[in-house]
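Work through the exercises below with the sequence and the model at hand. Each task is followed by a solution in steps.

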Amino acid sequence: MAITSPPAPAAGRRPGQPAPAAAARRSGPRAAGRLAPYGFVAPFFVLFAAFGLFPLVYTAYVSLHRVELQTSEQMDWLGLQNYTRLFEDPFFWNALGNTFTIGVLSTVPQLLMALGLAHLLNYKLRGRTFFRVAMLMPYATSVAAATLVFAQLFGRDYGLINWLLTSAGLSPVDWQASTWASQLGVSAIVTWRWTGYNALIYLAGMQAIPGELYESAAMDGASRWQQFRHVTIPGLRPTIVFTVVVSTIGATQLFGEPLLYEGNAGGGISHQYQTLGLYMYEQGWTFFHLGRAAAVAWVMFLLIVVLALLNAAIAARRNRTDR
Amino acid sequence: MRPFRARRTAALGTAALAATMLLTACSSGGTASKDAADGKVTLTIDLFGTFGFKETGLYDEYMKAHPNITIKQSDTQDEAQYWQALQTKLAGGGGVADIQGLEVGRVASVVQKQADKFTDLKTVGIGDVNDSLVEWKGAAVKTADGKVLGAGTDIGPEAICYRTDLFKAAGLPTDRIELAAKWSTWQGYLELGKQYAAKAQPGNAWTDSAAGMFTAEVGQQKVRYSDEGGKAVYETSPAVKTAWEDSAKLVADGLSAKLPQWTPEWNKAFSTGKFATLSCPAWMIGYIKGQAGDASAGKWDIAAGPGKTGNWGGSYLAIPRTAKHPKEAAELIKWLTAKEQQVKLFTKQGSFPSSTAAQAEIKSVQDPYFNNAPIGQIFSESAAAMPAQVLGTDDGVIGKAFTDALGEVERTNTAPATAWQHALDNVKKANGN
């Protein structure tokens, strides 16, 4: 943004003072100056074209062909057959459903907990910085490391969680084979990793809310809970919309956690926690059907665009009704 | 000053953390080899499961005889993951080792689809390495136009491994010959299992998984997943149907420990004794030794299994077209699969030779780890009766679909008929066009 602000000398000019005559002669450099911003932003767009746009378009091209990894030089035109086949495949709908349930199971508790944690951290606490850094630790941990540890905890025969359950006199749970238990297991990893990150974003949003609002609310006799509901939440609305959009995209693309949960792309013996990302990976890298995998990738991309637009529309409508 | 200091400490902590992560992230790189200049060659060999070359000291022996060669082995436990990684590397054209292992369930796919991605071993100066092997072993890696894409290592004659201590505790006989007679059929095996279950401690199952039994039983038939013409017959093949029904019965009788094979939990169960018997192709001997460890020596024994035959697995060594040192790799392959080395591998590791000359030499081998069981005799008899299996391009995928479905039967109480349908669906998902 700073690049587009007016040149510095103009700011120093007093009102009424005539513009320096020299300015008229500087049209050449000024044109260069007008082009300079494009030069500055160009690297991003060049890189984006090479590593973002080209793969996107090429994936679309591949998705219209039969391409097998084992014989990847050979491409046979299929038209939209990869897509029609996809929509007839019950495993695709299963993966879509799993992505949705795991998304809800992980995103909703995650954002609620993040909001609560941010609210607590907004108070003046001893060792506040320590807590803030500590909250970011799970986010900084690699998916692989976190998932491997969780997979051990959720082990059926030797896992800590089942050991606790049995010592409490409950029956152990098969955290891998059972549908709900495995989805909860995967969601737990996601929640653990992302709660702190979202809490910090909320915290930043909360600190931007002017203190006077709380003071006047307190003067009007609002309790802490009422302050939270009527000052904090409305003040945080843009931040909340942002985290919801980002988490929705993340949940739609969920991949690493379910892949490493049992270490295979099937997403469990009944595919009970196979997400769309895993389904795509399985088609491409377990069954070697690259064309079909590319079709899944494009469907996922469109799905995310639709979800993002939906989020934006809902946010816009709420804003309008509030005014 | 205090808040400032606190913030700086926190910042330092964060920086240190970030630095550690960067370091961990970087430590996996560095594959460049700078040999050739001084005549030294580093050969890479990438395998799955336990081939036993390293464990038997064969690399050390070879490197001593060839001071200019250094051998580096990498391995993946689960063959399915290994295969997937290999395919990715072959498609990308980089990152393959000089020597890659191939499982027998994948060779048909390599021969029919990827002959151009591997070196014809006849062109690298080692002749037809499979000449001295049992006939079907060599035939399986030969293309229609006569290219030899791999050298045969071991084959997988089947038997049953069992825990004598658990058998004793349950009041079962522990004598090999007596047991082999009792479980001469799979029905007899299930029957004895019921007797075991009636007296065994809770948490000690008869066998590890339905998948293990299924794979062993299917492996006894000539035609399994596809017929001689390459047509898929898994849906109607009697081999698959019978093995499926018996395995489902195993689950219904409560005889399975419900452990998914090739997972950490399965591995742990070898030493904790969660199961009393295991379908044991010869190479499983090395796997058991590796997982159960020295502490379990003497607890295990081996007897001829139901049907006294069958083949499960067995492997090949191949040289990808893009290998850096095909000549040196070929020399090493020739040596590793030669008679003397095959004999050594069986004696120490249990990998049963595919070389007929080696087979003649190992007939009297006993294994002290398994109570001096006459493994030479047991596996030789099993190998002698072994059918020349028909191999299809999708055997690996189909086998996995069925064993996964059996996992559903034992772990999620899915009805066998439903799970059977799941298996068929899964094969279609993988192959169907």
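**Exercise 1. Describe the contact between domain 1 and domain 2 of chain B in this predicted model.**

Solution. 
- Step 1, the count. Domain 1 of chain B puts 25 residues in contact with 17 residues of domain 2 of chain B.
- Step 2, the elements. On the side of domain 1 of chain B that touches domain 2, two or more residues each come from α3, α4 (104–113) and β4 (151–163) of chain B. The most, eight residues, come from α4(B).
- Step 3, the classes. This side of domain 1 of chain B has nine nonpolar, 11 polar and five charged residues.
- Step 4, the bounds. The domain assignment gives 41–155 + 314–360 for domain 1 of chain B and 157–311 + 386–431 for domain 2 of chain B. Taken over C-alpha atoms, the centres of these two domains are 27 Å apart.

**Exercise 2. Find which residues of the largest nonpolar core touch the most other members, and which element gives the largest share of this core.**

Solution. 
- Step 1, the members. The largest nonpolar core has 77 residues, and those that touch the most other members are B:Cys161, B:Phe214, B:Ile302 and B:Phe402.
- Step 2, the share. α17(B) supplies the largest share of this core, seven residues.
- Step 3, the domains. At least three residues of this core come from each of domain 1 and domain 2 of chain B.
- Step 4, one member in detail. Leaving out residues up to four places away in sequence, B:Phe402 touches B:Phe214, B:Val240, B:Trp244 and B:Ala423.
- Step 5, what lies apart.

**Exercise 3. Describe the side of chain B that touches chain A.**

Solution. 
- Step 1, the count. The contact takes in 24 residues of chain A and 22 residues of chain B.
- Step 2, the elements. In chain B, two or more residues each are given by α1 (2–26), α3 (79–92), α11 (264–272), α17 (395–411) and α18 (416–431). α1(B) has the largest share, with seven residues.
- Step 3, the classes. The chain B side divides into eight charged, eight polar and six nonpolar residues.

**Exercise 4. Characterise the packing of helices α5 and α11 of chain A.**

Solution. 
- Step 1, the geometry. Two packed helices are described by the distance between their axes and the angle between them. The axes of α5 (residues 90–121) and α11 (residues 224–252) of chain A come within 10 Å and cross at roughly 145°. The crossing of α5(A) past α11(A) is right-handed.
- Step 2, the residues. Among those that α5(A) brings to the contact are A:Thr99, A:Gly103, A:Ser106 and A:Gln110, and among those from α11(A) are A:Phe228, A:Thr232, A:Val244 and A:Ala251.
- Step 3, the classes. The contact of α5(A) with α11(A) has 11 polar, four nonpolar and no charged residues.

**Exercise 5. Which residues of helix α14 of chain B are buried, and what covers them?**

Solution. 
- Step 1, the buried positions. In α14 (residues 339–349) of chain B, the buried residues are B:Gln341, B:Gln342, B:Lys344, B:Leu345, B:Phe346 and B:Gln349.
- Step 2, the cover. The elements over these buried residues of α14(B) include α2 (58–65), β4, α12 (284–292), α13, β9 (352–353) and α15 (356–361) of chain B.
- Step 3, the end of the helix. After α14(B) comes B:Gly350, with a positive phi near 90°.

**Exercise 6. Is B:Lys258 buried or exposed, and is B:Asn413 buried or exposed?**

Solution. 
- Step 1, the locations. B:Lys258 is in the loop between α10 (238–252) and α11 of chain B. B:Asn413 is in the loop between α17 and α18 of chain B.
- Step 2, the backbone. B:Lys258, a residue other than glycine, has a positive phi near 60°. B:Asn413 is not a glycine either, and its phi is positive at about 55°.
- Step 3, the neighbours. B:Lys258 counts as buried because it has 23 C-beta neighbours inside 10 Å. B:Asn413 counts as exposed because it has 10 C-beta neighbours inside 10 Å.

Conventions: Residues are numbered from 1 along each chain as its sequence is written. Chains are lettered from A and ligands numbered from 1 in the order in which they are written. This is a predicted model: local features need pLDDT of at least 70, side-chain atom pairs count only at pLDDT 80 or more; totals for chains, interfaces and linings use all residues. Two residues are in contact if their C-beta atoms, placed from the backbone, lie within 7 Å. Helices (H or I, at least four residues) and strands (E, at least two) are DSSP runs, numbered from the N terminus. Ala, Val, Leu, Ile, Met, Phe, Trp, Tyr, Cys and Pro count as nonpolar, Asp, Glu, Lys and Arg as charged, and the others, Gly among them, as polar. Domain bounds come from an automatic or database domain assignment. Axes are lines fitted to C-alpha atoms, for helices over the stretch in contact, and angles run from 0 to 180 degrees between N-to-C directions. A crossing is left-handed if the near helix is turned anticlockwise from the far one by less than a right angle, and right-handed if clockwise. A nonpolar core is a set of buried Ala, Val, Leu, Ile, Met, Phe, Trp, Tyr and Cys residues joined through C-beta atoms within 7 Å. A residue is buried if 20 or more other C-beta atoms lie within 10 Å of its own, exposed if 12 or fewer, and partly exposed in between; C-beta atoms are placed from the backbone.
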